[in-house]
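Have a go at each task before you read its solution.

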Amino acid sequence: MSDAKKKSGIVTIIGRPSVGKSTFLNTLSGEKISIVSPFPQTTRNAIRGIINTSLGQLVFIDTPGYHASERKINQSFKALSKEQRDSSDAIVYMLDASREPGEEEVLTSQLIAPYIEKTIIVINKIDLAKLDEKKNCLAENKAYIKKTFPQFDEKNIIEISAQDDTNLNEVLKALYEIVPEGEALYPEEFYTDQEVDFRIAEIVREKAIEMFKQELPHAIFVSISDMEWKKPGKELWVRAFLNVEKESQKGMVIGKGASVIKTIRVESIKALRKVFSYRINLDLQVRVNKNWRQKDHILKKIIY
Ligand SMILES: Nc1nc2c(ncn2[C@@H]2O[C@H](COP(=O)(O)OP(=O)(O)OP(=O)(O)O)[C@@H](O)[C@H]2O)c(=O)[nH]1
Ligand SMILES: [Mg+2]
């Protein structure tokens with residue numbers, strides 16, 4: 001096949017929080033592009049992952065989980081998903097075979113409805129549906145799709161496990177049917193376009209989230225204040241701040257005898273070692289940024 005026949009396009013992944021959008025992108029790529037956690041609303045940005053195959057190039061955009069809430073931060077997430085949806089060549093609409101399609105699913109399907117013609121529907125986590133009778137909501141999800149999009153071509157509804165890499169190739173094939181012919185948008189060796197400081201901040205946030213439950217994961221954002229090559233190409237010194245919303249959270253993140261922050265630092269360094277070819281010397285500190293989720297200037301800086 002000549003190069004002119006190759007295809008390329010932007011594919012936005014849309015779905016409720018925790019359906020497995022980021023896991024899907026990471027498994028497709030084989031790289032850690034987007035952070036993953038059991039908590040909803042882990043992803044806060046439009047994160048690009050580039051997949052090259054013999055058929056061409058697909059540039060995937062991971063988005064924050066679509067969630068019904070009037071809170072300022074959720075408004076920013078929703079705006080971001082809409083913006084990405086509007087500028088993509090194809091959409092992957094992801095549902096979760098282990099959860100009932102509730103009110104949130106209705107909202108999410110309304111988001112993709114105007115673009116249904118260029119959408120592939122995937123039902124993720126079929127590994128759970130197979131294993132666990134109680135968590136088996138696969139049939140409900142299928143019925144929901146049938147009811148909401150009665151004309152939708154069934155061959156473009158694909159059951160997958162992002163975690164186990166089941167049927168992901170089928171999704172790629174279906175997407176290549178939608179995207180136009182065209183030149184690659186990125187050089188083949190690129191798998192993401194994220195800046196180094198953003199990737200470091202995200203990995204530190206993932207390791208911090210892993211230490212907590214409930215409210216704290218949402219209350220954290222990570223900022224990088226300084227970076228400097230100690231040995232060019234070999235060792236990068238980075239100063240990062242774990243920002244929390246309240247004084248009481250600061251104590252929790254530091255922990256007794258600084259044990260918690262130390263663990264976050266060690267786990268971050270281990271994860272960073274897998275992502276970067278050079279060593280990262282991490283200076284990690286905690287600070288309070290009061291009610292940052294209500295502040296426009298901070299949301300503007302961190303959600304894009
Ligand atoms: N069993 C199973 N778990 C999965 C699968 N895909 C993702 N998960 C898990 O589901 C949880 C959420 O995964 P994420 O990839 O962070 O989900 P997300 O849709 O990106 O979530 P947000 O960024 O919060 O919107 C994590 O605990 C994943 O390990 C899957 O195919 N099977
Ligand atoms: Mg995510």
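Which of the 23 residues around ligand 1 come nearest?

The model is predicted, so local features need pLDDT of at least 70 and side-chain atom pairs count only at pLDDT 80 or more, while totals for chains, interfaces and linings use all residues. Residues are numbered from 1 along each chain as its sequence is written, chains are lettered from A and ligands numbered from 1 in the order in which they are written, and side-chain values use heavy atoms, with hydrogens and water left out.

**Exercise 1: the shell around ligand 1**

Solution. Start with the nearest residues: K21, T23, Q41, T42 and D127. Being near here means having a heavy atom within 4 Å of the molecule. Next, sort the shell by class: 8 residues are nonpolar, 12 polar and 3 charged. (Asp, Glu, Lys and Arg count as charged; Ala, Val, Leu, Ile, Met, Phe, Trp, Tyr, Cys and Pro as nonpolar; the others, Gly among them, as polar.) Last, look at the helices: α1 (21-29) and α4 (126-131) each supply at least two shell residues, and α1 gives the most, with 3. (Helices are DSSP runs of H or I with at least four residues, strands are E runs of at least two, and both are numbered from the N terminus.)

**Exercise 2: the largest pocket**

Task: work out which element gives the most to the lining of the largest pocket.

Solution. Begin with its volume, about 610 Å³. (A pocket is an open set of points on a 1 Å grid over the protein atoms alone, with protein on both sides within 12 Å along at least five of seven lines; lining residues have an atom within 4 Å of a point.) Of the 27 lining residues, N45, F198, K301, I302 and Y304 are closest to the centre. Elements giving two or more residues are β2 (47-53), α7 (196-209), β7 (221-231) and α11 (296-302). The answer is α7, with 5 residues.

Key
1 Å grid on protein atoms, 1.4 Å probe; cavity = no way out; pocket = protein on both sides within 12 Å on 5 of 7 lines; lining within 4 Å. Points joined across faces, edges and corners; volume = space filled by probe spheres on them.
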